[in-house]
Amino acid sequence: MPMITSPPLLTLSLLLAGSFIALGPGHAYGQQVESARLMRDLSVLAHDSMQGRAPGTPQSAKARAFVIEQLAAAGARPIGDSFEYPFETPRASGVNVVARIAGKQPDAPAIVLTAHYDHEGVRGGIVYNGADDNASGVVAALAIARALRAEPLDHPLVIAFVDAEEAGMVGSRALVGAFPIPLSSVGLNVNLDMVARTEGTLWAAGAHHTPALRPVLESVAARPPVRLRLGHDSAGAPEGADWTRSSDHAPFHAAGIPFVYFGVEDHEDYHRPTDDTERVSPDEFLASVQTILAALHALDAALPSLREPTL
Ligand SMILES: [Zn+2]
């Protein structure tokens, strides 16, 4: 299919019109997020040919090449010479992918959007595709990168696709330990890990540690494409498990950086070879990405008022 289907003049006038639309508080972000594109990207990363994206494998490199190509096409740029940040530790080695998207205020603190791209690889001859865990978070972040071209944030955005999460957040620990920009200029981490299979409910964790996040996230929850619930971020919380240290937001939290983690409850295919694209509902996934995009815009607007974590 050709890339441009409308006459050039019409395309140009639509682009110009788009850039002059004022986005009021009732504006619904994410109208340009395409369900078919989400599912296509998901089926690429969670395909058997990616062999479960285990760190250090040729298939991991293939997944990485795909996300770098998509990032570049979305207008994201490397921070230094390369998108790739290799790391080696006794526990695991791998390669993080880091890119930046300029904000309207170039000197403002950055928001760091993280999603791990690794999964369990092949075990006993069976491929663990990890469609929800965490091809979904990577695909969501790529869709967000594309959406920001039309509706940029005020703050600079750093997008980090981290490796070796399944080995114990090794990639995100390495990233935070040698972050490409000063950590003092990072205002917030937004982490996506398992965001497709909401069954109607997407969780946002982190407000327990940074109470100023609560009204911001509640403002998004008030008009949801999915039901956004706050919690899973303190010991003994009524909603069950505390997810404070369960994914790549943990090293940011340990460094004193406020975080919001978006994710779903563990489901029957969690860490099973049946975590496949076919089990993802396109409508649920689309609604989840739209909700996260709306939340990112709300967090961007509120970032100057967020304080250091208190708990
Ligand atoms: Zn995960």
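I looked up His-249 and found it in the loop between strand 9 (227-230) and helix 7 (250-254). Helices (H or I, at least four residues) and strands (E, at least two) are DSSP runs, numbered from the N terminus. I note that this is a predicted model, where local features need pLDDT of at least 70, side-chain atom pairs count only at pLDDT 80 or more, and totals for chains, interfaces and linings use all residues. Residues are numbered from 1 along each chain as its sequence is written, and side-chain values use heavy atoms, with hydrogens and water left out.

Is His-249 buried or exposed? I read a relative accessible area of 0%, so His-249 is buried (under 20%; exposed is over 50%, partly exposed in between; 1.4 Å probe, protein chains only).

I then checked the side chain of His-249. It reaches the backbone oxygen of Trp-243 at 2.8 Å. It also makes a polar contact with the side chain of Asn-191 at 3.0 Å (a pair of N or O atoms within 3.5 Å; within protein, one must be able to donate a hydrogen and the other to accept it, and residues adjacent in sequence count only if both atoms are side-chain atoms).

Asp-133 lies in helix 4 (residues 131-147) and Asp-193 in the loop between strand 7 (186-192) and strand 8 (201-205), so the pair ties together parts 60 residues apart in sequence. I found Asp-133 buried at 2% and Asp-193 buried at 4% relative accessible area.
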